[in-house]
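Dear colleague,

Please find below the sequence and the structure that I am handing over to you. My notes on what was found follow directly after them.

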Amino acid sequence: MNRLAVCAAVTVSAIALSAGQAATADPSPGRHGQAARHHAPAKPASESARLARSVLNAKGITYAKAHVSGTDKASLPQQNLVDVSNERLAKTSPWGHKKGARVALDTRMLNGVLRLGTQYHYKFEISEFVGGRHSRTSKHYAGRAVDVTWINGRHVGKRADHRGLMNACRKLGATLVLGPGDKDHDTHVHCQW
Ligand SMILES: [Zn+2]
C-alpha cells in the first residue's frame, strides 16, 4: 500500500515538473500569440491581383479613357485592373447585360494580356475587359475576354497588325479570337480565354 502511494507521488511530481518547464519555455502564451500576429507578414497577393498589377506596370499597354457605349469610369479597363490588383472584383457597366455586377478577372486572360506585351512585345490599347456592352452571353461579363483597339500605334481596321496580335492570342491559349472580317469586329480584336 505504502509503496504504491510513493509511486503515485513520484508520478505526480514528474508531471508538475514537466508542466513547470513548459511554462518557463513560454511564460505567456497569450502575449506571444499576439506578438506573432502583429509581426505576421501581409497575406500574399492572389494570382489575379499579382497579374493585374503586372499588366498595369507593363510598358506599352494603354487603356481607353471612355466606353464606346456610355459613360462610367468605375468600369473602365484600367479601373478593372486597379480593383483586381487590390483584391476587389472588376465592375461591369450600368448599361450592359450584367448591369453593375462585380466579377473576377480570369488569370488565363490576365496572363495572356500580360504576355502580349512582355513576350510578344506588342504595344496595344485595351478598350474593355468587363465594362461596356457586349452580346448577352459574352465572356466579357465573366472576366475572360479582352478587346484591343490599337496595335503598335495603328487602329484596328486601319492597317494595324491585327493578324499578328490575333495569332499571338491563340498561341497564348485564347480559345476564341475575333477581328476584322468577323461580324461586329471591324475595328477591334477580341481575345477570349
Ligand atoms: Zn470582345
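A salt bridge, as used here, is a side-chain nitrogen of Lys or Arg within 4 Å of a carboxyl oxygen of Asp or Glu. Lys and Arg count as positive and Asp and Glu as negative, while His and the chain ends are not counted. Buried means under 20% relative accessible area and exposed over 50%, with partly exposed in between (1.4 Å probe, protein chains only).

This is a predicted model, in which local features need pLDDT of at least 70 and side-chain atom pairs count only at pLDDT 80 or more, whereas totals for chains, interfaces and linings use all residues. Residues are numbered from 1 along each chain as its sequence is written, and side-chain values use heavy atoms, with hydrogens and water left out.

The buried glutamate. E125 lies in strand β4; helices (H or I, at least four residues) and strands (E, at least two) are DSSP runs, numbered from the N terminus. E125 is buried yet has no salt bridge, and K65, the nearest side chain of opposite charge, is 6.5 Å away. Leaving aside neighbours within four places in sequence, E125 is in contact (heavy atoms within 4.5 Å) with T62, Y63, A64, D147, V148, T149 and W150.

The zinc site. One of these contacts of E125, D147, is also a zinc donor: the protein donors are H140 (NE2), D147 (OD) and H190 (ND1), lying 2.0 Å from the ion. Donors are N, O and S atoms within 2.8 Å of the metal (3.2 Å for Na, K and Ca); water is not among the atoms, so sites may look incomplete. Along the chain the donors follow the spacing H-x6-D-x42-H. D147 in strand β5 and H190 in strand β8 link distant parts of the chain, 43 residues apart. D147 is buried, with a relative accessible area of 5%, and H190 also counts as buried, at 6%.

The disulfide. Which cysteines are joined by a disulfide? With a disulfide taken as a pair of cysteine sulfur atoms within 2.5 Å, the count comes to one, and the bond joins C169 to C191 (S to S 2.1 Å). C169 lies in helix α6 and C191 in strand β8, so the pair ties together parts that are 22 residues apart in sequence. The torsion about the S-S bond is about 90 degrees, so the disulfide is right-handed. Both C169 and C191 are buried.

The core. A nonpolar core is a set of buried Ala, Val, Leu, Ile, Met, Phe, Trp, Tyr and Cys residues joined through side-chain atoms within 4.5 Å. The largest has 36 residues, and those with the most contacts inside it are L105, F124, F129 and L165. Elements that each supply at least two residues include α3 (47-57), α4 (77-85), β4 (124-128) and α6 (162-171), but α5 gives the most, with five. L105 touches residues including N80, L81 and V84, not counting those up to four places away in sequence. In α4, P77, N80, L81, D83, V84 and S85 are buried, and their cover includes α3, β1, α5 and β4.

Backbone points. Most residues other than glycine have a negative phi. H121, in the loop between α5 and β4, has a positive phi near 60 degrees and is exposed, with a relative accessible area of 60%. D184, in the loop between β7 (176-178) and β8, has a positive phi of about 65 degrees and is exposed at 60%. Just after α4, E87 takes a positive phi of about 65 degrees.

With kind regards
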